[in-house]
Amino acid sequence: MDAINHSILTLILLVPLAGAILIAILPDRGKLPNWIALITSLVTFALTLHLPAHFVAGRPGFQFQVNIPWIQNPAIFYHVGVDGLSMWLVVLAGILAPIGVLASWNPIKERRKIYYSLFMVQQTSMFGVFIALDLMLYYGFWELSLVPMAVLIAMYGRKDGPKAALRFFLYTFIPSAPLLVAILWLYARTGTFNFIALQSLIANGSLPAIALSWCSLAFLVAFAVKVPIFPLHGWLASAYSEAPVALAMVIAGKLGLYSLLRFQVGLFPVQARAIAPLLIALAVIGILYGACMALVQRDFWRLIAFAALSLFSMIVLAIYGLTLTGWTGAVYQILNDGVVEGAIFLLLGALENRYATSAIGEYGGLAAKLPRTASFFVITALAMVGLPMLNSFVGEFLILSSTFTEVNRGWAVAATLGVILSAAYMLWLVQRLFYGQPSTMAGRVAARDLRFHELAALVPLAVLMLVMGLAPTLWLRTIQAGVHPPAQKESAVLPQTVPLHASVLAVSSREEGQR
Amino acid sequence: MTTVPSVYRILPEVILTLTGVIIMLAEASLPPRRSRTVLGWVAAAGTTLALWASLWQFSLPPGTGYFGTVETNSFTIFFHVLICGIVLVALLLSIDTLPKDSHHQGEFYALIVFGAVGMCLLTSAVELLLVFVALEISSISTYVLAGYRKHTGRGPEAAIKYFLLGSFATAFLLYGIALIFGATGTTSIYKIAHLAATAPNHLFVLAALAMMLVGIFFKVSAAPFHVWTPDVYEGAPSPVVALMSTAPKVAAFAFLLRIVYEMFPMLHSTWAPLLWIVAVVSMTVGNLAALRQRDVKRMLAYSSIAHAGYLLAAFAGIGAIGIAAASFYTAAYAAMNVGIFAVVTLVGGYNEELPMIDNYRGLIYRSPLLGSLLIFFLISLTGIPFTSGFFGKFYAFTAAVQGGAVILALIGLLNSGLAAGYYLRFALVAAQRPQPNPDEVVPPKPQIGVAVGAALLLAVASTLIMGIIPNTVLRVAQSASNDLQPPMPQMQISAPVSAAVHMPQSPAPPR
């Protein structure tokens, strides 16, 4: 068992990569690449499940660590490990991989070999970002994740793929230049890329404060673009409307939010605290702006893009609230958004695949023709707007309540308005797509309801939405033990801990009571 | 020290010269109708042998031969292997892509091999007159090769431009050599290093340094001495550009390292700011100009100017760190640049039916292998991790940051963001689904022969190896840098480097 624990993370990285190479070598015949991709991603998912099964909750520090030298000079290590913060994200990436393959099953008809091998490389780079503990290794995976994404958007874009891909790439790549300079500077001063060592060196105060502020800013901007945080969201709408469904699921959110938690606030707590008011304000603006923009979109991909901006801004609000409850809610909400967005993308992709348009106005009255699609869509939309008993409610409740009680009431109230607006745009979308008079297009195009492989992808997600809404403690315990927001003020550390813990459990037990 | 026969010190050059002579003789004696492809294989075999001979030189004790004019140590071997490798790939590329009926194929291969002699000699010469001879050997063969497509208008134009400006630059270099000879009374690099600090007329030394730098900046096409580059690349045949955008530059950079770190280390405060400025100007000018290009080879020409800038950033690194970073970068750059020109040659053909970026639309659908390779090399040029381009930049800018040039590193990395604009645009055009257009003539699917396959494989493998497991190459580069460091105590800075690396509380604030 020790051997498995030691090598599990490496296996999680290598299996998708091996799948990619296998797909690239074998001939592009029929659905062979699809099947290889499906099998490898299922194996990877099974491997990621090993983590929660053998994770020792409450043990401080990283688990399943591997730390071996990769390059002697400069000293770069292959150093990976997970803690309560990253473990569930790895599992989330694991479950979204086979779902992504299923989502691509029908829409991707040409050059399957290139598509699936790049898709698997993309999986590897995402796992790498979540588990790397050496800054250079992390940076490597971070940059690597851009390439398959950009190439696939260009190859399979709906209208103007290359333009959207270029915009996405440049938006993310250019801010990562200062990020690399900051990492190199840290190395030049400390001689290490090791996350844990750097964290303690910075906490010691052994580095000049002004330079650290610049470093933290470089980290912040690089990650804020990837989330995206208002006003750096310029790439999001075009990327969402051009990217293949399976990639749009993972293009935004997770990576950037995780990096903010782990590397920006994690490495530079003092600087993060100093800039937190600005980010809280930007987050609330993002919540409201995204929701308002979502209300007026005529294209459902763009609508979802702005909805995503709104949802991710909610998580940013929690991150820079810097409270334990908020962080627990933030991580939980990253998981929720992954599941919910995955489902919504699958459903919209299924619609677009059948009717070849993403203009909302062309749809209408589909509920009678596609009852299964409609019911899954309604469940997902309700989960997205935060209906109690479904997953997002728990995350949003934790975030908003912690913001209200511990950060700032005004911002909390403003953010809550965003939740109301989200109900407006999602339910209106449901109404326009599935109810009302059947549109001429819906009458003209003969379409079948959800097929087997689509159901195979949707059912697990729907079940997850329900389970994560009903029994959040399964997740919250490990997350709460694993996140360490920087202490508010030196004096306020101790009294806070106990009531926070209680409040989280109170939420979850109330949930169980509702059941 | 002199127990090693001098000829061993120049064994690779001897092998290459013999190969060239054999090819010339064979070209003349083969019946005119016979295919000359076999001569290409002879040239490739000779280059492989020379590469092997360079590696064999590791077993020699480091030292000089022929009365202290040529040197063998890990520095020279590193660059010999690199140059022979590039020449080998360029030869393999030419074997399959040169038109079968061209009359002067033998000359073509011989010129490449003779050029390699000059480039190799340039990296191992420690005597300025020999340096000059070596530079001329390599330059003249490149001038001729640049104009090899005589029947087109652009070929001779490229050759004449390159020749005129090149001779001008060589004159600068020669003038610099004359001045330093006047100041110190010697042309031996080691002796100059000892004498220059105490030379009676310091102004001569400074002028000599400036002249020599101008000459080299021209050879490596660093801005503002870069204007010849796009025109020459556009006019020269693609396999030749694959060669001339890498090998002569590698040799010139090796010589630049020798000049600044071995000959004039005491003038560090003079040349360091100069190189800083040239680095910034080169990368910015190169990238900005490349953004506007629609012609593939012109774009890659400007990109090579930008890469010269990144490479010069490594010179901000102090002593051995800077040398190792620059040496590694030359190798990393050579691997990916040769690779991309190989792809361009295959797609466009010898006569370049497809010169524009738009001609590559949908390449990945037309030819998945070439399309993927093109995107791969472009990604490496962009500097994405797990490719040689990333580690090249990484080491160069790490050296710069450790040398205190944080601003330079920041400018450099922002520039690579700018560069991503045109590399990615090109890559994404190749990835785009082609629009069915009945008017457009569908270009034939390129054929990949054995020789070209081997060339591509070499380029891909070295790009990946330097991107994933760079340890071996880096170790050689580091020992090369130690060999180049003169044993004199004038190298004022080696102590604080280790301090900056190992002690968090090192005093100098970098901002």
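These legends accompany close-up views of a predicted model. Local features need pLDDT of at least 70 and side-chain atom pairs 80 or more, while totals for chains, interfaces and linings use all residues; side-chain values rest on heavy atoms, without hydrogens or water. Residues count from 1 along each chain as its sequence is written, and chains are lettered from A in the order written.

View 1. Asn391(A) is buried, at 0% relative accessibility (buried means under 20% relative accessible area, with a 1.4 Å probe and protein chains only). Beyond four places in sequence, its contacts (heavy atoms within 4.5 Å) include Tyr332(A), Asn336(A) and Met465(A).

**View 2. Trp301(A) stacked with Phe345(A).** Here is one of 59 aromatic pairs over all chains (Phe, Tyr or Trp rings, the six-membered one for Trp, with centres within 6.5 Å; stacked means planes under 30 degrees apart, edge-to-face over 60). The centres are 5.6 Å apart, with 15 degrees between the planes. Trp301(A) lies in helix H15 and Phe345(A) in helix H16, so the pair ties together parts 44 residues apart in sequence. Both Trp301(A) and Phe345(A) are buried.

**View 3. Tyr261(B) edge-to-face with Trp271(B).** Look for 5.4 Å centre to centre and 75 degrees between the planes. Tyr261(B) is buried at 2%, and Trp271(B) at 0%.

**View 4. Arg432(A) over the face of Trp428(A).** The distance to the ring centre is 3.7 Å (the criterion is NZ of Lys or CZ of Arg within 6 Å of the centre and within 35 degrees of the ring normal).

Note on methods. Buried means under 20% relative accessible area, exposed over 50%, partly exposed in between (1.4 Å probe, protein chains only). Helices (H or I, at least four residues) and strands (E, at least two) are DSSP runs, numbered from the N terminus.
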